[in-house]
Amino acid sequence: MLSGDEWATLDELLGLEALAAGPVGGDGVGRLAFYGRCSTEDNQDPRTSLAWQLGEATRFVEPLGGEIVEQFFDIGQSRSLPWERRTEAGRLLQELKNPQRSWDGLVVGEATRCWYSNQFSLTWPKFHRYGVALWIPSLGGQFDPENTVHDMAMTITGGLSKSERQYVQRRVRAAMAAQVVMDGRYQDGRAPYGYVVVDAGPHPNPRKAQEGYRLRVLAVDEEAAAVVERIFELYRGGLGLKSIAETLNVEGVPCPSAHTPQQNRHRRGDGW
């Protein structure tokens with residue numbers, strides 16, 4: 001087992017600094033703002049997400065003399081969005097410039113929910129410029145830009161956040177594709193031209209069925225399907241896209257936005 005002096009030597013070689021168990025300085029960490037983020041995918045509950053992230057942040061800073069006096073929490077904002085484009089994160093960055101703000105540091109509940117890819121390296125200088133310290137639970141204390149281990153840890157955090165998001169995307173897309181193939185389930189949005197959305201009974205998920213959700217599938221729109229067949233016939237006959245559009249307009253065939261104006265309100269419907 002290493003002695004106290006040997007541990008100190010190892011910490012020095014690794015660039016680590018032991019975190020004080022009690023408050024830092026006479027007044028401790030001080031007054032802090034909290035930032036968190038919640039996706040609305042996978043039926044995440046924003047209230048529950050805020051509660052546990054805020055709880056993690058509070059349990060982290062309270063023993064160090066920290067007090068959370070303001071909250072910034074983004075709901076339904078993708079972690080891939082830059083902070084400037086997130087509603088609450090953008091407001092937080094603007095508040096940095098306010099000399100009358102009520103806090104001098106920022107604490108987060110979970111770093112992977114806040115920073116994605118290289119976002120930390122882009123946002124940290126903004127906090128540093130206005131003298132705002134960042135307190136991050138996964139680091140065990142305040143971020144130190146001179147500490148190479150801290151810098152490496154936040155780089156890894158951004159990579160893990162990106163990897164997690166990509167994994168979730170692949171899993172959700174694969175599941176949705178399987179539902180389409182196996183059940184013929186329609187995944188919402190505007191139905192493609194040539195099809196209509198029809199009700200296919202209660203949702204196969206018992207919980208969603210209990211909440212009143214219905215299964216929606218695609219069915220052939222006979223009128224539009226005939227036009228699709230006509231388009232392929234014209235293409236096989238040697239006409240290009242522009243000529244096909246002109247032919248359909250001459251024949252008076254309604255274009256998709258004229259055929260289903262209720263789902264194409266943003267289009268004029270005046271022709272192909």
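This is a predicted model: local features need pLDDT of at least 70, side-chain atom pairs count only at pLDDT 80 or more; totals for chains, interfaces and linings use all residues.
Colleague: What makes the contact of Glu56 with Arg59 a salt bridge?

Modeller: The closest N and O atoms of Glu56 and Arg59 are 2.8 Å apart, and a salt bridge requires a side-chain nitrogen of Lys or Arg within 4 Å of a carboxyl oxygen of Asp or Glu, so the pair qualifies.

Colleague: Why is Arg59 called exposed, and what is Glu56 called?

Modeller: Arg59 has 55% relative accessibility and therefore counts as exposed, whereas Glu56, at 35%, is partly exposed; the terms are buried for under 20% relative accessible area, exposed for over 50% and partly exposed in between (1.4 Å probe, protein chains only).

Colleague: Which parts does the salt bridge between Glu70 and Arg91 tie together?

Modeller: The closest N and O atoms of Glu70 and Arg91 are 3.7 Å apart. Glu70 lies in strand S2 (residues 66-75) and Arg91 in helix H3 (residues 87-95), so the pair ties together parts that are 21 residues apart in sequence. Glu70 and Arg91 are also linked with Glu88 in a network of salt bridges.

Colleague: Why is Arg113 called buried, and which residue does Arg113 bridge to?

Modeller: Arg113 has a relative accessible area of 15%, and is therefore buried; Arg113 forms a salt bridge with Glu110, the closest N and O atoms being 3.3 Å apart, and Glu110, at 29%, is partly exposed.

Colleague: How do you know that the buried residues of helix H5 line one face?

Modeller: In H5, residues 119-129, the buried residues are Gln119, Phe120, Thr123, Trp124 and Phe127. Seen down the axis of H5, these residues fall within an arc of 115 degrees, so they line one face of the helix; the arc is that of the directions from the helix axis to the C-beta atoms. The face turned away from that buried side carries the exposed residues Leu122, His128 and Arg129.

Technical notes: Residues are numbered from 1 along each chain as its sequence is written. Side-chain values use heavy atoms; hydrogens and water are left out. Helices (H or I, at least four residues) and strands (E, at least two) are DSSP runs, numbered from the N terminus.
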